[in-house]
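Dear colleague,

Please find below the structure that I am handing over to you, with its sequence. A summary of the findings follows it.

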Amino acid sequence: MPRTTLTQFLVEQERAAQAITPELRLLIEVVARACKAIAVNVGKGALAGVLGEAGGDNVQGEAQKKLDVISNEILMQANEWGGHLAAMASEEMETIHETPNRYPKGEYLLLFDPLDGSSNIDVNVSVGTIFSVLRKPDDGHAVSEASFLQPGGAQVAAGYAVYGPSTVLVLTVGTGVHCFTLDREMGSWVLTQSNLTIPADTREFAINMSNFRHWAPPVRRYVDELLAGRDGPRGRDFNMRWVASMVADVHRILTRGGIFMYPWDAREPDKPGKLRLMYEANPMAFLVEQAGGAATNGHTRILELMPTKLHERVAVILGSRNEVERVTGYHNEVAPAP
Ligand code: P6P
């Protein structure tokens, strides 16, 4: 059976499904190639002296790992020259990076978390790259940070790479969710799963339980019911997983179902959540909904939220639709969506 490569898949999406333009096809190929380069650096680990701290903090005030900086550089350099992008935004950069004047500017905006879960790198746990693609607004204005402030429903493509036992790229261009595995010998991404679908029900939940005492009542109610198992209101036992690498947790959910929660908590009450809307929650919500799942901030579909800041944070509840709807229902019982 001949294997379908990412290039062939994208050509078919452009030609048959007319789901993407040639420029978007180029953009996705360039990002996928950058993820291969990141995979090489992540894979070398201690052998290449790329572990540990970079010595600075990112815009979030978090200590940057060397691989955070390397991964960001790889994505920036890969995407500057192609003529497909007007600008880029990254978790690792304070503001947007416009395509330099020496290159043609394109109609797309690329956002990324170059290495999500990087706190896991030094202990050799799976990490990943998350990316989201928007169109530059056709408003006659020069590209600016405001150009990026679009709801997640405006995304034209989204995906992630997981640097794990195998290296996989999971992608949607709005026609379902598809998984490609890196063939290291050929250096090509090979389609290994089409139309991933998240089961509506699940027995597996993912949350950082150490924050239990800080959660709002709807989350504590929901998790208490899961922990009560077959003797409680749910009438069945549940299992828990928490990799503390969103890409790895979401990939598990896209592969076999589950619910992932990073809700608001009282540790920093002014923050709606820990995760970032534009380049973590939005791309993951697009993928999850394309796979038949659901994604809310506890009240509202994440893809409907109107961003006001590039690096704004959001509460995230995503995965198996029936469980997400239950938790969201508990929130809206207490306080209707704002
Ligand atoms: P905690 C990684 O730092 C990250 O941004 C996500 O990938 C992950 O889901 C979450 O934070 C883990 O947070 O508080 O459990 O360490």
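The residues that line the second largest pocket comprise twelve nonpolar, three polar and no charged residues. Please note that the model is a predicted one. This pocket holds about 300 Å³ of space. Its lining is made up of 15 residues, and Trp-264, Pro-272, Asn-297, His-299 and His-331 are the closest to its centre. Helices α5 (217-228) and α8 (321-334) are the elements that each give two or more residues to this lining.

The largest pocket has a lining of another composition: eight nonpolar, six polar and ten charged residues. The space in the largest pocket is about 440 Å³. Among its 24 lining residues, Asp-116, Gly-117, Ser-118, Ser-119 and Lys-274 lie nearest the centre. Two or more residues of the lining come from each of β2 (63-65), β5 (108-116), β13 (259-262) and β14 (275-276). The greatest contribution is that of β5, with three residues.

The domains come next. The domain assignment divides the chain into domain 1 (6-193) and domain 2 (204-334). Their C-alpha centres are 24 Å apart, and 48 residues of domain 1 are in contact with 30 residues of domain 2. Both domains also take part in the largest pocket, as each supplies at least three residues to its lining.

I turn now to the sheet that contains β5. It is an open sheet of eight strands with mixed pairing, in the order β4-β3-β5-β6-β7-β8-β9-β10. Its edge strands, β4 (97-98) and β10 (188-193), each pair on one side only. Within this sheet, β5 and β6 (127-135) run antiparallel and are joined by seven bridges; Tyr-108 stands opposite Arg-135 in β6. Helix α3 (66-80) lies across β3 (85-90), β4, β5 and β6, and runs at about 155° to β5.

A further open sheet has five strands, again with mixed pairing, in the order β12-β11-β13-β17-β15. At its edges stand β12 (239-240) and β15 (294-296); each has a single partner strand, so one side of each is left without a neighbour in the sheet. Strand β11 (204-206) pairs with β13 in the parallel sense over two bridges, and Phe-260 in β13 is the bridge partner of Ala-206. Two helices pack on this sheet. Helix α6 (246-256) touches β11, β13 and β17 (316-319), and its direction makes about 35° with that of β17. Helix α7 (277-290) touches β15 and β17, at about 25° to the direction of β17.

Strand β1 (53-57) and β2 run antiparallel and are joined by two bridges, with Asp-57 opposite Ala-63 in β2. Five residues lie between the two strands, and Gly-61 in this hairpin takes a positive phi near 80°. As noted above, β2 is also one of the elements that line the largest pocket.

With kind regards

Definitions and conventions:
Residues are numbered from 1 along each chain as its sequence is written. This is a predicted model: local features need pLDDT of at least 70, side-chain atom pairs count only at pLDDT 80 or more; totals for chains, interfaces and linings use all residues. Side-chain values use heavy atoms; hydrogens and water are left out. On a 1 Å grid over the protein atoms alone, a cavity is a set of points where a 1.4 Å probe fits but cannot get out, and a pocket is an open set with protein on both sides within 12 Å along at least five of seven lines; lining residues have an atom within 4 Å of a point. Grid points are joined across faces, edges and corners, and a volume is the space filled by probe spheres set on the points. Helices (H or I, at least four residues) and strands (E, at least two) are DSSP runs, numbered from the N terminus. Ala, Val, Leu, Ile, Met, Phe, Trp, Tyr, Cys and Pro count as nonpolar, Asp, Glu, Lys and Arg as charged, and the others, Gly among them, as polar. Domain bounds come from an automatic or database domain assignment. Two strands pair if DSSP finds at least two bridges between them. Contact means heavy atoms within 4.5 Å. Axes are lines fitted to C-alpha atoms, for helices over the stretch in contact, and angles run from 0 to 180 degrees between N-to-C directions.
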